[in-house]
Amino acid sequence: MQSAALLMDSWRLLKSRKLFWITLAINFFVVALYGSVGFSPRGITILYGLKEFEVERFAFGLPLARELYLSIFSNFIVTLWLGWIAAALAIISTTSIFPDFLGEGAIDMVLAKPISRVRVFFVKYVGSLLFVLLQVATFCLGAFLCVGWRLNEWNWGLFMAIPLVVLFFSYLYCVNVLVGVMTRSTIAALIATAIFWFALWATSAAENITHQIAIFQETEVAPLETRAAELTERLAELRADGKNSENSNEFERVRGELETAMDQVVAEQGDVDTAQRWLLGIRIFTTALPKHEETINLVDRWVGKDPQRSLTDILMGFGRPGGRWSEKQRADQETREAVERRVDQERKAEPAWWIIGTSVAFETIVLALGAWSFYRRDF
Amino acid sequence: MTAALPTPSSADWAINVRHASKTYRRAIHALRDVSLQVAQGEIFGLLGPNGAGKSTLVKILMTVIRPTRCEGELLGKPVGDRPTLGRIGYLPEHLRFPSYLSGLQAVDYFGALSKVDRAERRTRSAQLLDQVGMAPWAKQPVANYSKGMKQRLGLAVALIADPDLVVLDEPTDGVDPVGRKDIRDVLLALKARGKTVFVNSHLLGELEMVCDRVAIMSKGTVVRQGTIGDLTQRSRRYEFVCGPLPNDAALRDGLVRLGASTAPPSSNGETQLEIGSSEADAAQPVIDLLRARGVTLIAVRPVRQSLEDLFIETMRESGDATPGAAIGRSGGRAHPDATSPKKVS
């Protein structure tokens, strides 16, 4: 009864927030936009069929059309809208919940009731997550209907976005609540959350970049090692042929090239080792942090599409380097794409239990600190 | 503590607190070894200037603040016993309701937190809002309420669980005179039903009208505790208002002999006398003497020190006559037997 009353109070609080309704309205707009994309026998249609793009590989019923539509949901809308914009609106809207709740004259009324402080804290926390839960649930229901209509497929996996996005939001919100309980200041909680979110993004970006550098270095060292092996083999052949006298120009040239190649291999390998060490250090650090991007990316795995194929991959046909590119530019571009793809693949290969488990462990610790602070505090 | 406490058995105390102390950061002593007893079925007033520790004590009782030390019981259970809080109604100072709730929703919400079942909440909410005069605004958002309306609503919230003990921290703060009368009536009705009321207020006149006993706090300690009658006993006396006294040496000698002191005549010619006894028998010789000398008697009345004067005197004695000791005077001196004595020579 008491928990239900606290949750009902949270619902009433949300209903009273204009931002809740604004976000919900934007949600409907985004769903409407998603639903406006469709497929015809000749390709893609937008604006409910007002405009048609003739791209045969995306014709209605083809696997790529399905991949494209589900990728728009998981790679674009969930990541950009739910993972950034709606989450930011939710943070702004819910930041004041705990500081207001803890204000003098308000918290007294609750603490003087026969309910434990720890229970009040956690139920209030869960109630605050209702903001995101309701928004995402509404959105997913809309997206589910759109997919059913456009692909003629009832994809229940879309609803996995609900717990995942709520989980992602909770990583940020737990910090918000901790600071809110400790300072009773809405502004302090908001600033701390923004800094934490930025820090998460920055560490994730740092890991990504370091990972790319490490892989790029590996790809650089591989041909050098091949070249060194070839030269070693060639040198052996020359020896076998008795052409290893100091007067042999061929022998000297090959030996010189081999020495140069070996020096390059050692230098590049040193760079690889350095990049790997940095990557390891960053990974040790990020292990303790919530995996916000990875959690959102799990949606990709559970909507029934190829998780290794991004929206960019699917649309690649539109953006490939054209005839104006030189061979070197084309080769560089392909190398970059190969590196990015490998990084992406390796990150997506991380097990879900690891991503969620380490993140929830972080959240548990932060919430425990918040609950302890709430439990011990005088009001 | 100067006054004797009532002597019910310990099981009959609604509040029995011993050695309550609260120290902040090992330096600021908000409460110092406070002991306080409130009998079941009485209205008890807690007085004190700002910073005396009244609200700290109330918050310790309601588990809002953790004491540095506190022994004792509330309704027979240890202080801090959570289930017992369901039997206590509480109206905090600076009450703040969630602005998005209506009055009815607020009563229902806090009733649910007090574990009052739904059907009972529904019935009692309407009754209580009517009782505190808030029925016409029951469905209006609290954000639109005045401070006085919020206090009335707070009282309804405090009573939703039909508590055995009601703890009210400044219940009449911001309430108009009619509202204060309504609240007093509610408190008296609670007492009539055998409930215990613990009131913390600056409005001494309000307390004087309803309280059976009071405690006065200063600098974190209880400096006096007892019934208002007991605490003002030594100030009880008889006051005589009469016409101008004739220049009669025998009269003056007689008044001195009877222990009567006189104040200089007022501008309208009236003279005021008083004797330091509250016994009617002691007043008779003075009346006889005055009448025998042809003095017109206008009024004869027993008087005692008001609670306000007692409070100020106590603050002076305890050396706490700080600006924070300022007190509300609304409703003061309303007690028929509690007029403030004028200085007499």
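Is the crossing of α10(A) and α13(A) left-handed or right-handed?

Mentor: The crossing of α10(A) and α13(A) is left-handed, a term used when the near helix is turned anticlockwise from the far one by less than a right angle, right-handed being the clockwise case. This is a predicted model, in which local features need pLDDT of at least 70 and side-chain atom pairs count only at pLDDT 80 or more, while totals for chains, interfaces and linings use all residues. Residues are numbered from 1 along each chain as its sequence is written, with chains lettered from A and ligands numbered from 1 in the order in which they are written.

Helix α10 of chain A spans residues 292-302 and helix α13 of chain A residues 352-376; helices are DSSP runs of H or I with at least four residues, strands runs of E with at least two, numbered from the N terminus. The two helices pack at an angle of about 140 degrees, their axes being 10 Å apart. Axes here are lines fitted to C-alpha atoms over the stretch in contact, and angles run from 0 to 180 degrees between N-to-C directions. α10(A) and α13(A) are therefore oblique to each other, since angles under 35 degrees count as roughly parallel, over 145 as roughly antiparallel, 65 to 115 as roughly perpendicular and the rest as oblique. Two residues are in contact if their C-beta atoms, placed from the backbone, lie within 7 Å.

Elsewhere in chain A, strands β1 (residues 38-40) and β2 (residues 43-46) run antiparallel and are joined by three bridges, where pairing requires at least two DSSP bridges. They form a hairpin with two residues between them, and F39(A) stands opposite I44(A). β2(A) is also joined by three bridges to the antiparallel strand β3 (residues 51-53), with T45(A) opposite E52(A). This second hairpin has four residues between its strands, and L47(A) takes a positive phi near 55 degrees in it.

As for the contact between the chains, 22 residues come from chain A and 23 from chain B. On the side of chain A that touches chain B, α1 (2-16) and α5 (107-111) are the elements giving two or more residues. The largest share, six residues, comes from α1(A).
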